[in-house]
Amino acid sequence: MSGSEPRATALTPEELDELRARADREAGSFVDARVQAAFRVHNPEWAAEILGRPYGGPYAITWPELYLLHIAVQVEPTPPPPPRATAARLAREAEEADAGRAAAEEAAGREAEWRELVDTLQAAGVRVEVRHNYTSARHLEFYTQGADHVYLLDPLHVGRLHRDADVALCHTPSNAPNLAYLEPTTDGRLPSCQTCLRHMRSAARRLAA
Ligand SMILES: [Zn+2]
């Protein structure tokens, strides 16, 4: 049997022929309600192997076919895993693992970029930390509620960017009221404010040059 396709049943073709002949002999013309009520198959792939044709569910088979499957379940109580469903499951699991790895790599990339930006500013004497904004003033422009901002612990003067200490990098006179309450974070989160990140990147580029 080496090199052959995996099958959903361990019954040999000869055993299947025997089983089908037995079903023809025993089934009779009348539906046995008890057999019908107890009817189940292991899985559709297994049922298709036993029937020798695709299995479309209990309402898509004749009484002799139902009887054949009924005795096949007794002859083979624990068939091998259905190959197509198993392969599909393994492919799905591999895909999920790939997606998980990609997400982890992306997160690690963002983390590494952030560390590099922090180090570059720190080397220039500018310490920053990530602070969360709980203020809820939604009506103002350029304001993202609940964002995590880059908070300056030291003043920053690089290029055209001038900021005092103790403000967010995205701080401007017009959005200052929205950024009045910035709370320190302790969970190692990265900044989510894109304006802060943009300023941080351009400041780091100039400082590194
Ligand atoms: Zn910001």
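Contact here means heavy atoms within 4.5 Å, and helices (H or I, at least four residues) and strands (E, at least two) are DSSP runs, numbered from the N terminus. This is a predicted model, in which local features need pLDDT of at least 70 and side-chain atom pairs count only at pLDDT 80 or more, while totals for chains, interfaces and linings use all residues. Residues are numbered from 1 along each chain as its sequence is written, and side-chain values use heavy atoms, with hydrogens and water left out.

**View 1. Helix α5 packs against helix α6.** Let's start where these two helices meet. On the α5 side, the residues in contact are E113, W114, L117, V118, T120 and L121. Their counterparts in α6 are L197, M200, R201, A203, A204, L207 and A208. The axes of α5 and α6 (residues 194–208) lie 9 Å apart, at an angle of about 55°. That makes α5 oblique to α6. Axes are lines fitted to C-alpha atoms, for helices over the stretch in contact, and angles run from 0 to 180 degrees between N-to-C directions. Angles under 35 degrees count as roughly parallel, over 145 as roughly antiparallel, 65 to 115 as roughly perpendicular and the rest as oblique. The crossing of α5 and α6 is left-handed; that word applies if the near helix is turned anticlockwise from the far one by less than a right angle, and right-handed applies if clockwise.

**View 2. Helices α3 and α4 cross at roughly 110°.** Here the axes of α3 (residues 44–51) and α4 (residues 63–75) come within 10 Å. That makes α3 roughly perpendicular to α4. From α3, the contact is made by W46, A47, I50 and L51. From α4, it is made by E65, L68, L69, A72 and V73. This crossing is right-handed.

**View 3. An open sheet of 3 strands has the order β2-β1-β5.** Pairing in this sheet is antiparallel; two strands pair if DSSP finds at least two bridges between them. β2 and β5 (182–184) stand at the edges, each with a single partner strand, so one side of each is left without a neighbour in the sheet. From one strand to the next, the twist averages 50°. Between β1 and β2 there are 5 bridges, and V128 stands opposite L152 in β2. β1 and β5 are joined by 3 bridges, with H132 opposite E183 in β5.

**View 4. Strand β2 is covered on both faces.** Buried means under 20% relative accessible area, exposed over 50%, and partly exposed in between (1.4 Å probe, protein chains only). Because 5 of the 5 residues of β2 are buried, the strand is largely enclosed by the rest of the structure.

**View 5. D154 and R127 form a salt bridge.** A salt bridge is a side-chain nitrogen of Lys or Arg within 4 Å of a carboxyl oxygen of Asp or Glu, and by this rule the count comes to 14. For D154 and R127, the closest N and O atoms are 2.7 Å apart. D154 lies in the loop between β2 (148–152) and β3 (156–158), and R127 in the loop between α5 and β1 (128–133), so the pair ties together parts that are 27 residues apart in sequence. D154 is buried at 13% relative accessibility, whereas R127 is partly exposed at 40%. Elsewhere, salt bridges that share partners join D148, D187 and R189 into one network.

View 6. R110 is partly exposed, at 43% relative accessibility, while E106 is exposed, at 51%.

**View 7. R34 and D32 meet through their side chains.** This salt bridge has an N to O distance of 3.7 Å. R34 is exposed, with a relative accessible area of 69%, and D32 is partly exposed at 25%.

**View 8. E5 lies in the segment before α1 (13–27).** At 65% relative accessibility, E5 counts as exposed. Its C-alpha atom is separated by 8.8 Å from that of P83, which is 78 residues away along the chain.
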